[in-house]
Amino acid sequence: MKKEDKSAIIGQIADILKEYPNFYLVETAGLNAEKTSELRRACFKAGVKLVVVKNTLLHKALEGMDGDYTELYPALKGSTSLMCTTVANAPAKLIKDFVKKDETLPRLKAAYVEETVYFGADQLDTLATIKSKNELIADVIALLQSPAKNVVSALTSGGTKLHGILETLANKE
C-alpha cells in the first residue's frame with residue numbers, strides 16, 4: 001500500500017473517531033460470512049458503525065488525536081474491528097446478545113467509553129449496564145418531576161374530596 005493511501009485511511013479513521021465519542025475494539029476474524037452479515041445488520045439497526053481496521057493504521061490515527069489512548073495500544077493485536085457509537089452501551093449489549101447465541105465471537109478487546117478505557121472481555125457486563133446520557137437525563141427529570149406530581153395529585157384529590165364534603169353538608173340542610 002502506498003504511503004499516500006495509508007495517510008488517507010488514517011485520516012478517515014481519525015474522522016470516524018472524532019465523529020463518535022465512544023468506540024469498542026472487537027475481534028471478529030473467526031466469524032463466517034453469514035454471521036458477519038448478521039453482525040453488520042445488527043450494528044446498523046443499533047446505530048453502531050462497524051469498520052474493520054488495520055492495527056497499525058488505527059494506532060497512528062489514535063496517536064494523531066487529542067487525548068491519551070496509550071492504554072488501548074496493547075489491544076491492537078490480531079484482527080480488529082472498530083465499533084463506533086454515540087450511545088455508550090449499545091455495542092456491549094449487541095455483543096452480549098451475539099455471544100448468547102453460543103458464539104465465541106465477537107470478543108471484546110477494549111473499549112473507550114465516556115473518556116474511560118475498559119480492557120478485556122470480562123468488562124462486557126460492566127459496559128452493558130452503563131446508562132447512556134439520554135437515560136441519565138430521563139432519570140433526573142423523573143426525579144425532579146416526582147415531588148411536583150405528588151403535590152398536584154394531592155391538591156387535585158383534596159379539592160375533589162373537599163368539594164364532595166361541602167356538597168354533602170349543603171344537601172343535609
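Which residues form a positive surface patch? The answer is a group of lysines: Lys-3, Lys-6, Lys-54 and Lys-60. Of these, Lys-60 can be found in helix 3, which covers residues 55–63. Keep in mind as you look around that this is a predicted model.

Now for the charged pairs. Side chains of opposite charge can pair when their charged atoms come close. In this model, five salt bridges are counted. Here are three of them, with the N to O distance for each pair.

| Salt bridge | Distance, N to O |
|---|---|
| Glu-27 and Arg-107 | 2.6 Å |
| Lys-101 and Glu-38 | 2.9 Å |
| Lys-131 and Asp-139 | 2.6 Å |

Take the Glu-27 and Arg-107 pair to begin with, joined by a salt bridge at 2.6 Å. Glu-27 sits in strand 1 and Arg-107 in strand 4 (residues 107–113), so this pair links distant parts of the chain, 80 residues apart. How open are the two partners? Glu-27 has a relative accessible area of 23%, so it counts as partly exposed. Arg-107 is partly exposed too, at 36% relative accessibility.

Next comes the bridge between Lys-101 and Glu-38, at 2.9 Å. Lys-101 is in the loop between helix 4 (90–100) and strand 4, while Glu-38 belongs to helix 2 (residues 33–46), so the bridge ties together parts that lie 63 residues apart in sequence. Lys-101 is partly exposed, with 47% relative accessibility, and Glu-38 is partly exposed as well, with a relative accessible area of 21%.

Lys-131 comes in at 41% relative accessibility, so we call it partly exposed. Asp-139 has a relative accessible area of 31% and is also partly exposed. Elsewhere, salt bridges that share partners join Lys-35, Glu-38 and Lys-101 into one network.

Is Asn-22 buried or exposed? Its relative accessible area is 1%, and buried means under 20%, so Asn-22 is buried.

What is Asn-22 in contact with, leaving aside its neighbours within four places in sequence? One stretch of partners is made up of Met-83, Cys-84, Thr-85, Thr-86, Val-87 and Ala-88. Tyr-112, Val-113 and Glu-114 are in contact with Asn-22 as well.

How values were computed
Residues are numbered from 1 along each chain as its sequence is written. This is a predicted model: local features need pLDDT of at least 70, side-chain atom pairs count only at pLDDT 80 or more; totals for chains, interfaces and linings use all residues. Side-chain values use heavy atoms; hydrogens and water are left out. Patches are made of residues with over 30% relative accessible area and no salt bridge: like charges are joined within 9 Å, nonpolar side chains (Val, Leu, Ile, Met, Phe, Trp, Tyr) within 5 Å. Accessible areas come from the Shrake-Rupley method with a 1.4 Å probe; for residues, only the protein chains shown count as cover. A salt bridge is a side-chain nitrogen of Lys or Arg within 4 Å of a carboxyl oxygen of Asp or Glu. Lys and Arg count as positive and Asp and Glu as negative; His and the chain ends are not counted. The place of a charge is taken as NZ of Lys, CZ of Arg, CG of Asp or CD of Glu. Helices (H or I, at least four residues) and strands (E, at least two) are DSSP runs, numbered from the N terminus. Buried means under 20% relative accessible area, exposed over 50%, partly exposed in between (1.4 Å probe, protein chains only). Contact means heavy atoms within 4.5 Å.
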